[in-house]
Amino acid sequence: MKPCVGVGVRLRELREGIGWSQREVAEACGIGRKSMVRLEKEPSNPSAEELLTLAEFYEVSTDYILGLVDD
């Protein structure tokens, strides 16, 4: 199944939705800022650890970040 929305788009939307910078999210999640920049670019392929960390931080499912579901 092909995602409808790219991972990078979802991550950027989530970050902008809380009004944080890439640096702030990276620091809060223990992810390097360069990694955050990479994750928000298309196409993005986060590691399982990055995906889980970001899903927990944003309080969304990994399926949402992957674009497999819209809620």
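User: Is Glu50 buried or exposed in this model?
Analyst: Bear in mind that this is a predicted model. The cut-off for buried is under 20% relative accessible area. Glu50 has a relative accessible area of 13%, so Glu50 falls on the side called buried.

User: Which residue forms a salt bridge with Glu50?
Analyst: Look for a side-chain nitrogen of Lys or Arg within 4 Å of a carboxyl oxygen. For Glu50 the closest N and O atoms are 2.8 Å apart, and the residue across from Glu50 is Arg38.

User: How many residues apart in sequence are the parts that Glu50 and Arg38 tie together?
Analyst: Arg38 forms a salt bridge with Glu50. Glu50 sits in helix α4 (residues 48-58) and Arg38 in helix α3, so the parts this pair ties together are apart in sequence by 12 residues.

User: And is Arg38 buried, exposed or partly exposed?
Analyst: Under 20% would be buried and over 50% exposed, with partly exposed in between. Arg38 comes out at 38% relative accessibility, so the label is partly exposed.

User: What is the count of salt bridges?
Analyst: As a reminder of the idea, side chains of opposite charge can pair when their charged atoms come close. Arg15 with Glu40 is another, at 2.6 Å. Together with Glu50 and Arg38, the count comes to 3 salt bridges.

User: How many residues apart in sequence are the parts that Arg10 and Asp70 tie together?
Analyst: Arg10 belongs to helix α1 (residues 7-18), while Asp70 lies in the segment after α5 (62-66), so the parts are apart in sequence by 60 residues.

User: Which helix holds Glu40, the residue that forms a salt bridge with Arg15?
Analyst: Arg15 is found in helix α1. The side chains of Arg15 and Glu40 are joined by a polar contact of 2.6 Å. The pair ties together parts that are 25 residues apart in sequence, since Glu40 lies in helix α3 (residues 33-40).

User: What is the relative accessible area of Glu40?
Analyst: Arg15 is buried at 10%. Glu40 is buried too, with a relative accessible area of 5%.

User: Where do the buried residues of α3 lie around the axis?
Analyst: The residues in question are Met36, Leu39 and Glu40. They cover an arc of only 90 degrees, which puts them on the same side of α3.

User: Which elements do the buried residues of α3 pack against?
Analyst: Met36, Leu39 and Glu40 are the buried residues of α3. What they pack against is α1, α2 and α4.

User: Which element gives the most residues to the largest nonpolar core?
Analyst: The core has 15 residues, and Leu11, Val25, Met36, Leu54, Tyr58 and Ile65 touch the most other members. Two or more residues come from each of α1, α2 (22-29), α3, α4 and α5. With 4 residues, the element that gives the most is α4.

User: Which residues is Val25 in contact with, leaving aside neighbours within four places in sequence?
Analyst: Val25 is among the core members that touch the most others. With those neighbours left aside, the contacts of Val25 are Arg15, Trp20, Met36, Leu54, Phe57 and Tyr58.

User: Are Phe57 and Tyr58 stacked or edge-to-face?
Analyst: Phe57 is partly exposed at 25%, whereas Tyr58 is buried at 10%. Their ring centres are 4.9 Å apart, and planes over 60 degrees apart count as edge-to-face. The angle here is 75 degrees, so the pair is edge-to-face.

Notes. Residues numbered from 1 in each chain as written. Predicted model: local features only at pLDDT ≥ 70, side-chain atom pairs only at ≥ 80, totals over all residues. Heavy atoms only, no water. Buried < 20%, exposed > 50% of the residue type's maximum accessible area, 1.4 Å probe, protein only. Core = buried A, V, L, I, M, F, W, Y, C linked by side-chain atoms within 4.5 Å. Contact = heavy atoms within 4.5 Å. Polar contact = N/O pair within 3.5 Å; in protein donor to acceptor, adjacent residues only side chain to side chain. Arc of directions from axis to C-beta. Phe/Tyr/Trp six-rings, centres within 6.5 Å; stacked < 30°, edge-to-face > 60°.
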